[in-house]
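Hi,

Here is the structure I promised to pass on. Have a look at it first, and then read my notes below.

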Amino acid sequence: MSVRRVSILGSTGSVGVSTLALLEETQSAGSTAVAVEALVGGRNVALLAEQALRWRPKITVIADEDGYAELTDRLRPAGLEAACGDRAVIEAASRPADWVMAAIVGFAGLAPTLAAARTGAVLALANKESIVCAGPSLLALARACGGHVIPVDSEHSAIFQALNGGGVERVSRLILTASGGPFRNWSRAQMAGVTLEQALAHPVWRMGPKISLDSATLANKGLELIEASFLFGTPQSQIDVLVHPQSIIHSLVEYQDGSTLAQLGQPDMRTPIACAYAWPDRLPWRAPRLDLAQIGQLTFERPDTDRFPMLKHARESLDLGGFGPCAFNAANEVAVGAFVKGQIGFLGIASVVEASLDAMSSGAFLAMASTGDVLDAAKQVDFETRRIAKAKLSLTDALI
Ligand SMILES: NC(=O)c1ccc[n+]([C@@H]2O[C@H](COP(=O)([O-])OP(=O)(O)OC[C@H]3O[C@@H](n4cnc5c(N)ncnc54)[C@H](OP(=O)(O)O)[C@@H]3O)[C@@H](O)[C@H]2O)c1
């Protein structure tokens, strides 16, 4: 039996847990054994230790240094090695592996994802923020190092599958579907009073808190639009968003000859993860099946960018060129963090992002983009945008 070396960055999160669940369910079915090289978590020591004791990775890393003592206490009796801190996260991501799941949330995932790309592994990319912040460089790096980037976001996995390994020369349009989130039918006046609990309650998907909040504002679809543009080399003018509340069609590719190919499946992240894991093969796994007769109806609507302006701002950030999307992401991370702390209201999220993007001139982006190393440049743009966005927080009452 052959052995596949696997690392999971963000193993304690929603995607990380789904990935390990899939490996657990499928490893007995195939002819390949899984050897876990590295598990990386942020702060959840208890879950990380439990995962490590089950999978016996060569290294287990907790980013939060305060969790290190507890992690070593739990792993030492089993003879397992542990480490902590950002440097250790990058070292773990740099270890040779055949397949790496990049599932850390936010800009924090960029450095480890770049490190994993440098190993030449097959990189299963869930951390959309890394492609948003440094897409072309990340893809070029993975290619130059002999690796492959396989999308895990369900929409991009759908497009990847509909393209079937082919080029995009004969594609006329990519259509990203969106559930519309919990406030699909809410007026702006209603959305002004949205609570954190309401914003976290996604109607279809069970996901981590940040992506759930981004789905409520449609910032997630904005990030995905940028991701699609970089991943598939498609100009944003050829990428549309279509609201599809049932989340059964995960996205579509329209070809120049009038054919439109869609990928369908249950809204279950194990399916796109399985696709990225087995690529270019298919995993022999009894995934939850789709019963279209039972579902009965699939419906579609155009997104309303007046009620959900984050989609517009994502497009504007792409128009800025260079690190514009990185600024969009940074402003959004600051605004979402402020909403979680109760510092701004739900509508304030888009207001902070809009004001921050306005303040970052395209000249500044170009200057920052020319500083050489992509990680340094992205960090610089991220830092500067966060500073501006934080300054805008106090003005949001006026901005809403
Ligand atoms: N969830 C989904 O269905 C889904 C679908 C498509 C794409 N994605 C994308 O996948 C990524 C992960 O999403 P998620 O929903 O799984 O998020 P999540 O549940 O919040 O998990 C995030 C993971 O990142 C870890 N983490 C956070 N900060 C870290 C840091 N500084 N260093 C190292 N690890 C850190 C967390 O550790 P602790 O929990 O231990 O703190 C956790 O393991 C995001 O980019 C998201 O947009 C998610």
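Let's start with the ligand. Helices α1 (14-26), α6 (128-144) and α10 (209-217) each give at least two residues to the shell around the ligand; helices here are DSSP runs of H or I with at least four residues, and strands are E runs of at least two, numbered from the N terminus. That shell holds 11 nonpolar, 10 polar and 4 charged residues, with Asp, Glu, Lys and Arg counted as charged, Ala, Val, Leu, Ile, Met, Phe, Trp, Tyr, Cys and Pro as nonpolar, and the others, Gly among them, as polar.

A quick word on the source: this is a predicted model, where local features need pLDDT of at least 70 and side-chain atom pairs pLDDT 80 or more, while totals for chains, interfaces and linings use all residues. Numbering runs from 1 along each chain as its sequence is written, and side-chain values use heavy atoms, without hydrogens and water.

Now some polar contacts (N or O pairs within 3.5 Å). A polar side-chain atom of Glu-129 sits 2.7 Å from a ligand oxygen, and a polar backbone atom of Gly-13 is 2.9 Å from an oxygen of the ligand. For Gly-10, a backbone N or O atom is 3.3 Å from a ligand oxygen. On its own the ligand exposes 890 Å², and the protein buries 86% of that (Shrake-Rupley method, 1.4 Å probe).

Then there's the sheet: 7 strands, open, with parallel pairing, in the order β4-β3-β2-β1-β5-β6-β7. Two strands pair if DSSP finds at least two bridges between them. The edges are β4 (82-84) and β7 (148-151), each pairing on one side only.

Cheers

Notes. Polar contact = N/O pair within 3.5 Å; in protein donor to acceptor, adjacent residues only side chain to side chain.
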